[in-house]
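Please read them with the structure open.

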Amino acid sequence: MTLYLKNTTFIDWKTLEFHSTHLAVSPGIDGRVELLDTLPSESELNDGDSILDCHNRLVTKSFVCGHHHIYSALARGMPPPSKIPQNFSEILEYIWWHVDKTLDKEMIEASALVSALYCIKNGVTFVIDHHASPFAISGSLETIAAAFDRVGVSHLLCYEISDRDGDGPREQGLQETADYLSSGRQGHVGLHASFTVGNELLQKAVALAHKHNTGIHVHVAEDRADQEACQKDYGQRVLERLRDAGLLDLQKSILAHCIHLDEAEKELLRNSGVWVVQNVESNQNNNVGLANCAQLGEHIMLGTDGMHSDMLRSAKAAFLSGQAVEGIDFDGIYRRFRNAHTYIQTNGFSGDDDNSLVILDYNAPTEINADNFLGHFVYGLDSSHVDSVVSCGKLVVKNKKLLTVDENEILAFSREMGNRLWEKMKR
Ligand SMILES: [Zn+2]
């Protein structure tokens, strides 16, 4: 079942070298890509082999979203909240916690399917998601995983466990996480954020992560309110609290945002080896400030925080906002965009091997080569150029058409579930 990509311009995502070549892409979670001078003839093809003509197309490694929230997918266009939020805490209370508490299993399935659909059409073949549905927890992660599998998106999921809704949802969140990780699926132990996680839960979460040899995925100092609550309740800074609980010893941990850290916390983070995910559009939308990620070390990747599913857009936003905040350059933003592959591979997660590729229809108005690729990456390439997508060696989008599922059926289902969600939120 080899997929041959004929007449490509292949760009090695690590070296940015350009190769005029054919590619042989082998299937499976540990599949490879081989550069070929000549293609096999028709008679040499095996059953199930196929050839895709990529003349005038750029082929390179596909993309990863380092922090997503499928639970917010049905929020687009929903009626305004009962009170217009005045700060980050009220944004959570009146918008996101109202949405996630209303979700049921069918709405979660629609949210996951439509998120996966947008991801894959934008060339994103791997998603690290942070899910919440406090009154539909049991089985939610497997529902999301099955939806992602159907579309053809690899994943690293977690349930964001919290004390915010009381003992019941907290215990169910722990149980859901234990069940999911015990089932053989790869994932994280998710926590919402320090200000909604008590000490007992924090300890249980760290123990659970140790047991399953994974990390904690948590929001950290997204808003000042997280630090203020930590000072008030525990007399220490958020990162110090997480360190004392052993979270920073878990090298697979992912800390989203990390905006309001002091110098001592930044040093802790730089020395820890854990990973940070930057989500600048969400930060600007919530008006919580922007991090100077250059001060947080090298382990920085990019996410969308559920705002959308387009990683090229996230990279551009981080580049533009990074001009004022940290003076980031082309190399810096490209490294950050690609760091998620390093995170996945060095931590032994599967689903992001060399056989996940994006085929770009980028008819450049100026010459493009290894020396100036990053200029095209920052100012030219966008998701409209994603023509076809190969995920784990399988062609899943061909000439902008999704091959794995019926796109119109998924959109109709998500619209139906969106209406049902909005109606239920009025009650
Ligand atoms: Zn988030």
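**Notes on the model**

1. R427 counts as exposed, at 77% relative accessibility. The cut-offs here are under 20% relative accessible area for buried and over 50% for exposed, with partly exposed in between (1.4 Å probe, protein chains only). R427 sits in the segment after α13.

2. A word on the basis. This is a predicted model, in which local features need pLDDT of at least 70 and side-chain atom pairs count only at pLDDT 80 or more, while totals for chains, interfaces and linings use all residues. Residues are numbered from 1 along each chain as its sequence is written, and side-chain values use heavy atoms, with hydrogens and water left out. Helices (H or I, at least four residues) and strands (E, at least two) are DSSP runs, numbered from the N terminus.

3. Next, the metal site. The zinc ion is coordinated by NE2 of H67, H69 and H219 and by OD of D305, at 2.0 to 2.1 Å. Donors are N, O and S atoms within 2.8 Å of the metal (3.2 Å for Na, K and Ca); water is not among the atoms, so sites may look incomplete. Along the sequence the donor residues follow the spacing H-x1-H-x149-H-x85-D. H67 and H69 are both buried.

4. What angles do the four donor atoms around the zinc ion subtend? They run from 93 to 157°, which makes the arrangement irregular. Four donors count as tetrahedral if all angles lie between 85 and 135 degrees; four count as square planar and six as octahedral if opposite donors are over 155 degrees apart and all others between 65 and 115; anything else is irregular. For reference, ideal tetrahedral angles for four donors are 109.5 degrees.

5. The largest pocket holds about 890 Å³ of space. Its lining has 45 residues, and S72, A73, A75, W96 and G306 lie nearest the centre. Two or more lining residues come from each of α1 (88–102), α2 (105–121), β10 (189–193), α9 (280–286) and α13 (407–426). The largest share, six residues, comes from α13. By class the lining has 18 nonpolar, 18 polar and nine charged residues. Ala, Val, Leu, Ile, Met, Phe, Trp, Tyr, Cys and Pro count as nonpolar, Asp, Glu, Lys and Arg as charged, and the others, Gly among them, as polar.

6. The pocket search works on a 1 Å grid over the protein atoms alone: a pocket is an open set of points where a 1.4 Å probe fits, with protein on both sides within 12 Å along at least five of seven lines, and lining residues have an atom within 4 Å of a point. A volume is the space filled by probe spheres set on the points.

7. The second largest pocket has a volume of about 320 Å³. It is lined by 16 residues, with I29, D149, V153, S154 and C392 nearest its centre. The lining divides into four nonpolar, nine polar and three charged residues.

8. The whole structure has 27 salt bridges, each a side-chain nitrogen of Lys or Arg within 4 Å of a carboxyl oxygen of Asp or Glu. One of them pairs D387 with R57, with the closest N and O atoms 3.5 Å apart. D387 lies in strand β16 (residues 386–391) and R57 in the loop between β4 (50–53) and β5 (58–61), so the pair ties together parts that are 330 residues apart in sequence. D387 is buried, at 7% relative accessibility.

9. R420 and E106 also form a salt bridge (3.4 Å, N to O). This pair links helix α13, which holds R420, to helix α2, which holds E106, across 314 residues. R420 is partly exposed at 31%, and E106 is partly exposed at 38%.

10. R170 bridges to E171, with the closest N and O atoms 3.0 Å apart. Salt bridges that share partners join D163, D167, R170, E171, E200 and K204 into one network. R170 is buried at 14% relative accessibility, whereas E171 is partly exposed at 34%.

11. Finally, backbone checks. Most residues other than glycine have a negative phi. H257, in strand β12 (residues 254–257), has a positive phi of about 85°. H257 is buried, at 2% relative accessible area. N7, in strand β1 (residues 3–11), has a positive phi near 55°. N7 is partly exposed, at 34%.
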